Amino acid sequence: MEQKKKKNIGFNIIKDDPTDGHRGFGAGALSLENVSPVIIDVEAGEAFVDMGAMHARSAVERGIKFLPDRSAVPNGKPYWIVWVTIERREDGPYYAGVTACEMTIDREARRGYKLLPEHVNRLDKSLKRHIIVDHMDAKSKRVLADFLKGHDIGMWNRSSDKLKQDLEVEM
């Protein structure tokens with residue numbers, strides 16, 4: 001009998017600072033260790049962590065040629081990539097930066113739409129502790145909020161009021 005593989009929803013959790021004690025090389029560099037990409041399948045109403053998205057190699061992105069023109073992918077399935085940065089305070093870790101980028105994929109045509117500069121800039125904004133989710137649709141906001149709460153309610157409770165307010169939607 002085949003066992004069903006357990007879904008991994010693990011975030012990158014904060015490790016030691018690799019530049020600790022160094023004053024020269026690497027000082028001031030941004031570390032991607034605390035960032036995890038959460039992919040939201042809008043139609044299915046599901047969210048999952050896929051570390052492959054850090055290099056545009058997530059399960060949903062593999063084998064897709066991305067174009068910067070939305071009209072070139074008229075039958076695309078909508079997705080969000082949400083960059084989630086985790087920070088630690090004295091009272092514990094929390095969701096410090098959360099920024100979302102849209103993407104559509106037509107698996108049959110092997111074409112997709114996304115703006116790479118937007119994805120890079122939103123990753124940077126997440127690293128700099130910004131919350132940018134107000135452009136997401138209500139269903140996706142609810143999925144993201146439920147996913148973050150389900151991962152660790154303590155981290156959700158310690159997060160900023162802005163994140164909670166921006167993801168609170170009436171269904």
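A salt bridge is a side-chain nitrogen of Lys or Arg within 4 Å of a carboxyl oxygen of Asp or Glu. I began with this term and then turned to the model.

**Entry 1: the model**

I noted that this is a predicted model, in which local features need pLDDT of at least 70, side-chain atom pairs count only at pLDDT 80 or more, and totals for chains, interfaces and linings use all residues. Residues are numbered from 1 along each chain as its sequence is written, and side-chain values use heavy atoms, with hydrogens and water left out.

**Entry 2: salt bridges**

I found that the structure holds ten salt bridges. One of them joins the side chains of aspartate 41 and lysine 77, at 3.0 Å from N to O. This pair links distant parts of the chain, with aspartate 41 in strand E1 and lysine 77 in strand E4, 36 residues apart. Helices (H or I, at least four residues) and strands (E, at least two) are DSSP runs, numbered from the N terminus.

Is aspartate 41 buried or exposed? I read a relative accessible area of 8%, so aspartate 41 is buried; buried means under 20% relative accessible area, exposed over 50%, and partly exposed in between (1.4 Å probe, protein chains only). Lysine 77, at 26%, counts as partly exposed.

I next looked up arginine 70, which forms a salt bridge with glutamate 102, the closest N and O atoms being 2.8 Å apart. Arginine 70 lies in the loop between E3 and E4 and glutamate 102 in strand E5, so the pair ties together parts that are 32 residues apart in sequence. Arginine 70 is partly exposed at 42%, and glutamate 102 is partly exposed at 24%.

I also recorded a salt bridge between aspartate 166 and lysine 162, with closest N and O atoms 2.8 Å apart. These two residues are four apart in helix H4, so about one helical turn separates them. Aspartate 166 is buried at 17%, whereas lysine 162 is partly exposed at 42%.

**Entry 3: the nonpolar core**

Which residues have the most contacts inside the largest nonpolar core? I listed Val82, Tyr95, Val98 and Leu144, in a core of 24 residues. Such a core is a set of buried Ala, Val, Leu, Ile, Met, Phe, Trp, Tyr and Cys residues joined through side-chain atoms within 4.5 Å. Helix H2 gives the largest share, five residues.

**Entry 4: backbone angles**

I noted that phi of alanine 56 is near 55°, a positive value in a residue other than glycine. Alanine 56 lies in the loop between E2 and strand E3. Arginine 110 also has a positive phi, near 55°, and lies in the loop between E5 and E6.
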